[in-house]
2 protein chains.
Amino acid sequence: MIYSRSAEYAIRALIPLAQLPTGEFALVKTLAAETGIPSHFLAKILQDLARLGVLKSTKGPHGGFRLNQPPKEITMLRIVEAMDGAGRYDGCIGGGAECNDRVACAMHDGWMALRSRIMDYLGGTSVADLAKALGEKRRVVASRGRRGSRKSAGRA
Amino acid sequence: MIYSRSAEYAIRALIPLAQLPTGEFALVKTLAAETGIPSHFLAKILQDLARLGVLKSTKGPHGGFRLNQPPKEITMLRIVEAMDGAGRYDGCIGGGAECNDRVACAMHDGWMALRSRIMDYLGGTSVADLAKALGEKRRVVASRGRRGSRKSAGRA
DNA sequence: TGCATTTCGGATAAACTTGTATTTTTCCGG
DNA sequence: CCGGAAAAATACAAGTTTATCCGAAATGCA
């Protein structure tokens, strides 16, 4: 995988949070049930995100978590860096912590090209994008399902 | 990182092995010293690779490890799959083990595009490529160093 | 004020990865 | 056939990630 499971959970949980009516709070329990993430573990992740300012939390009745900023501004990269530490993709896959143009490293150049692809994807995809993509995907899957549940229904 | 440390070590150790005169064996101790990898840990990794047929080992005096197939045929992908398990990049980063066109997953499409980039790089880069790249890089670094050790020597 | 609800934060534990040490097996040379 | 050299195998230790649990603090409501 490209990032840790914690980061994966964080990203997955942010999607339903982005779909929530503005200002409304969601319970950890609900989010855990929706996403299938172990609830205690999810709670800790959400706490981290709240500490970082990505989420806002309130205790007590009608409490829970909600986004603390527009979903457009929350990129996957930001979440991955929050959970896995910044610089996860900084070092060269060849090993050396300091790998630059002046160090003999067999992998450096190829990796740098790939790395920028990864950064573009993670940095260019926001929670809003994910929520939108999920909505569209749901519609497509639903409409396919309606005309027969066998795989690749309709004319092949 | 994109793959485990074990995979990284395996790839790094294969490069000096590819540069060895054909048929000659290298000691674990030597490889460990050259690459800076903990020698006992490296030994285990090399044993795994030998079991897989990538390397050939012999015990006793004048023993050690050598490649068991042309370096052109050993791709980074093969090594990563050997060390981290096949299918490391199979699942969607959205989580679901089974993520395909019929499952609603917000990340699926973007990830698939990125994934194929990763696979192209790892699958398209062989140990021979790495050894060659390292040789060229060494020459460049050396020639730069010769005319002054400050970074970005020559006209900027 | 007192109670129910819900996050917060720390403690704990299980699982996996990484690293080290030790012993056993195999091979070569004399 | 014996002794040393080297990988092979095994066991063990430390560190990190993932997961679980529980008491405490905060909040809203009656």
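Predicted model: local features only at pLDDT ≥ 70, side-chain atom pairs only at ≥ 80, totals over all residues.
Reader: Why is chain A called more spread out than a compact globule?

Author: The radius of gyration of chain A is 19 Å, whereas the globule rule gives 15 Å for 156 residues, and because the value lies well over that figure, chain A is described as more spread out than a compact globule. Along the principal axes, its C-alpha atoms fill a box of roughly 55 × 55 × 25 Å.

Reader: How do you know which share of chain A is buried?

Author: A residue is buried if 20 or more other C-beta atoms lie within 10 Å of its own, and buried residues make up 34% of the 156 residues in chain A.

Reader: What makes up the side of chain A that touches chain B, by element and by class?

Author: The contact takes 29 residues from chain A and 30 residues from chain B. On the side of chain A, helix H1 (5-19), helix H5 (108-124) and helix H6 (127-146) each supply at least two residues, and the largest share, eight residues, comes from H6(A). By class, this side of chain A has 17 nonpolar, four polar and eight charged residues.

Reader: How do you know which residues surround DNA strand C?

Author: A residue is near the strand if its C-beta atom, placed from the backbone, lies within 6 Å of it, and 25 residues surround DNA strand C, the closest being A:Ser57, B:Arg5, B:Pro38, B:Lys59 and B:Gly60. H3(A) gives the most to this surface, with four residues, and by class the surface near DNA strand C has 10 nonpolar, 11 polar and four charged residues.

Definitions and conventions:
Residues numbered from 1 in each chain as written. Chains lettered and ligands numbered in written order. Contact = placed C-beta atoms within 7 Å. Nonpolar A, V, L, I, M, F, W, Y, C, P; charged D, E, K, R; others polar. Rg over C-alpha atoms; globule rule 2.2 N^0.38 Å. Buried ≥ 20, exposed ≤ 12 C-beta atoms within 10 Å, placed from the backbone.
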